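Please look over the sequence and the structure below before reading on.

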Amino acid sequence: MIKVIIALIIMLLAGVFLYLENNIIDVTKYRLKSDNIVNRINIVHLSDLHSKPFEKALKKTEEINPDIIFITGDYINDKEKNKDKMLVFAKRLCDIAPVYYITGNHERRLENFEELMSELKEAGFNVLLNAKAQTDINGNSIAILGLDENQADFEDYKARRNGNFEYKDMSPYFKDLDNSIGFKIVLSHYPENFEKIEELNYSQYDFDLQLSGHAHGGQFILPFFGPVFSPGQGIHPKYARGSFGERPMLIVSRGLGNSEFPFRLFNHPEIISITVSRKI
């Protein structure tokens, strides 16, 4: 009987621990300076909600009071779980600040992809599918390139393992971005595309900041090892969290939700808050 009670207590404690690992949100702050900024702007970067209408995330985003919000894919998962709730959640985000959104691999697997994109636009999202937007924030000209790479179908994962995956050439979109003025931001779901894909890497182009997600922080972050695994990068992924480079700079979100794997370990959900001010 005592063994049963001990086992139940251990299970209860493990359940509480895993719940907290999935629901305590870290806000990671970055402070950048740029010649292309006149007046300070506050950015919130969200990624990989995976159909989780995360009330705590909404509240923390409100507290940050951003001038603009970027969402880098996998907002709704490939089973369309909580779709109606996520459309309401989208409207509430748009009440805080303008929202610019790109797709991830999960949205791209949906048969009704076009319908979902229309619904997100109706909810207020600025949906960018290999498209550029120009906006003014606090007297600053901001150019935003949203990439729709559509490169993580299950067959694509197999091709990566076999070493015969062909990455898309995104150079025409970057050339279009070259013609833009102001602070230039690239939204890409896949952080490894920043510099890992050899001659097609994004870091070779002229822009200020790339925001990405997808890697979920490696799902588990182990002491002395770091992030454990990411689709497209494999074991011990380099581009799972943090920042890389100076200009252009890549900032990777650990994401807010989970996909097939139900929990995180030493890897809380993350909201990224970025303040960009004028370089003096």
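The paragraphs that follow go from the sheet to its crossovers, then to the cores and some single residues.

This is a predicted model, in which local features need pLDDT of at least 70 and side-chain atom pairs count only at pLDDT 80 or more, while totals for chains, interfaces and linings use all residues. Residues are numbered from 1 along each chain as its sequence is written, and side-chain values use heavy atoms, with hydrogens and water left out.

Helices (H or I, at least four residues) and strands (E, at least two) are DSSP runs, numbered from the N terminus. Two strands pair if DSSP finds at least two bridges between them. An open sheet is formed by 6 strands in the order S1-S16-S2-S3-S4-S5, with mixed pairing. Strand S1 (26-34) and strand S5 (126-127) are at the edges and have a single partner strand each, so one side of each has no neighbour in the sheet. Strands of a sheet pair through backbone hydrogen bonds, either parallel or antiparallel.

S2 and strand S16 (residues 270-278) run antiparallel and are joined by 5 bridges. Within S16, valine 276 stands opposite isoleucine 41. On S3, S2 pairs in the parallel sense over 4 bridges, and leucine 46 has isoleucine 71 in S3 as its bridge partner. From S2 the chain crosses through H2 to S3 in a right-handed β-α-β crossover (with the strands pointing away from the viewer, the path from the first strand over the helix to the second runs clockwise).

S3 and S4 run parallel, joined by 4 bridges, and valine 99 in S4 is the bridge partner of isoleucine 69. S3, H3 and S4 also make a right-handed β-α-β unit.

How many of the residues of S3 are buried (under 20% relative accessible area, with exposed over 50% and partly exposed in between; 1.4 Å probe, protein chains only)? The count is 5 of the 5, so S3 is largely enclosed by the rest of the structure. In a regular strand the side chains alternate between the two faces of the sheet. In S3, Ile68, Phe70 and Thr72 point one way, and Ile69 and Ile71 point the other way.

A nonpolar core is a set of buried Ala, Val, Leu, Ile, Met, Phe, Trp, Tyr and Cys residues joined through side-chain atoms within 4.5 Å. The largest such core has 30 residues, and Leu46, Ile69, Ile71, Tyr75, Leu93, Leu120 and Phe125 touch the most other members. Among the elements that give two or more residues to this core are S2, strand S3 (68-72) and helix H3 (83-96). H3 gives the most, with 6 residues. A second, separate core of 24 residues includes Ile102, Ile144, Phe183 and Leu187.

Asparagine 42 lies in strand S2 (residues 41-46). Its side chain makes a polar contact of 3.2 Å with that of threonine 275 (a pair of N or O atoms within 3.5 Å; within protein, one must be able to donate a hydrogen and the other to accept it, and residues adjacent in sequence count only if both atoms are side-chain atoms).

Serine 230 lies in strand S12 (residues 229-230) and is buried, with a relative accessible area of 0%. Leaving aside neighbours within four places in sequence, serine 230 is in contact (heavy atoms within 4.5 Å) with Ala215 and Pro237. Alanine 215 is 15 residues from serine 230 in sequence, and the two are 5.0 Å apart in space, C-alpha to C-alpha.
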